[in-house]
Amino acid sequence: MPTTIPAIEDAQTLAQAIVDTIHEPLIVLDGGLRVLAASRAFYEIFRVDSERTMGCLLYDLGDGQWNIPALRLLLETIIPEKTAMDGFEVDHDFPGVGRRTMLLNARKVIYETSADSTILLAFTDITARRAVERNLADLLEHTEELLRQKQVLLQEMQHRVANSLQIIASILLIKARAVTSEETRLHLKDAHQRVLSVAEVQAHLHASGDLDQIEVGPYLSKLCASLAASMIGDSYPIALDVEADHGWIGSDKAVSMGLIVTELVINAIKYAFPTTRADARIRVGFDSTDAGWLLTVSDNGVGGVETAVPLVHGGLGTAIVEALVKQLDARMQVQSAEGMAVSIRHPAA
Amino acid sequence: MRTASECMAMAARMDGYAARDIEPRLRAEWTIMASHWRGLARQADWQDRYAASASQSRLSDLLLPMAASVS
């Protein structure tokens, strides 16, 4: 059983001790908003003394520093209706203290044996907390702005890289037109096409944004359309078809795959059809399963030794393809019977 | 694509952000971004000069600015 308080005087002493013990400013008001008691913290923080506080109207305290419209709203409108209010925020410039943000908690105490009422009003100084919150909000805003600006910078860099590749390609083309040796011209044109393919791969990956994965079908279709536009003339028509399922691959692997397709398609265009044929066709296929993916580049050309020569005996294109296949951790298989078919199989990760 | 002067304007803007931010990490990031924009301005300068030279078929004019920008 708790010990009972024997006398009213003792109860008042206990109440004042409780008020004084609280670290935060607290005042006790009567029904007419005059101060009945105040905590030590109240006197210290708001720099007022008990003589000019006790019995005074709250709004007259400290040369009227508590005559705040928001506080009047709380005490005269909200508390009479609700009897309690927590976390009522007041931002005010207190004379001698400075601008402070206070959280006010108020309770109206109604007695059973009396018509009088008492209001307990506690203050929590959240000025420092609000400053930290503002700093954090600023930091977050600036960080978001930084990310936006990085994206702008990245896009500009990608545009400039693409422009550089176009310039390199145009220089190679200018040189190809200028040289007299047919072999040198072909090499320069190959180099020109390779640079254009790298540019196309880069442009496609750029257009894919920040995606880690890209859809293979549209990617290969766009790449092959670019190859066909620059390498297949109207007088020497070869159909270049892409048949791909809805598979996706990592953007890092997509670069290697694009360059492999470029080399194999260039090879087929150059060697598979030594004479003009109406049904000349190169097919680029992509199939993905749970076991991995399969990339095929095949043609219905002459096949046999003639087409396989560059791939069997090596050349720059072959070296590039072999290096890229190795980079992908994939396996390449070449079949040269009816036409030529190169399969690159990549196991699932 | 931005011109060289537009890239320099972006660099100045990043410098402004660096001066504004007190947080060291953010300040360093803005400074690096400003540096990148200045690099892009140099790149834009020679690329635009190349385009102008190429359009006038004066490729010899291209080579010197390109070499200078690389160094």
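This is a predicted model: local features need pLDDT of at least 70, side-chain atom pairs count only at pLDDT 80 or more; totals for chains, interfaces and linings use all residues.
Residues are numbered from 1 along each chain as its sequence is written, and chains are lettered from A and ligands numbered from 1 in the order in which they are written.

The sheet of chain A is open and has five strands in the order β7-β9-β10-β12-β11, with mixed pairing. Its edge strands are β7 (239-244) and β11, each of which pairs on one side only. On average, neighbouring strands are turned by 10 degrees against each other, direction ignored. Strands (E, at least two residues) and helices (H or I, at least four) are DSSP runs numbered from the N terminus, and two strands pair if DSSP finds at least two bridges between them.

Within this sheet, β9 (residues 281-289) and β10 (residues 292-299) of chain A run antiparallel and are joined by eight bridges; A:Thr289 has A:Gly292 in β10(A) as its bridge partner. Strands β11 (residues 331-337) and β12 (residues 339-347) of chain A are also antiparallel, with seven bridges. These two strands form a hairpin with one residue between them, and A:Gln335 is bridged to A:Ala341 of β12(A).

Helix α7 (residues 216-231) of chain A lies across β7 and β9, at about 170 degrees to β7(A). Helix α8 (residues 251-271) of chain A packs on the sheet, touching β7, β9, β10 and β12, and its direction makes about 20 degrees with that of β10(A). Contact requires C-beta atoms, placed from the backbone, within 7 Å; angles run from 0 to 180 degrees between N-to-C directions of axes fitted to C-alpha atoms, for helices over the stretch in contact.

Definitions and conventions:
Two residues are in contact if their C-beta atoms, placed from the backbone, lie within 7 Å.
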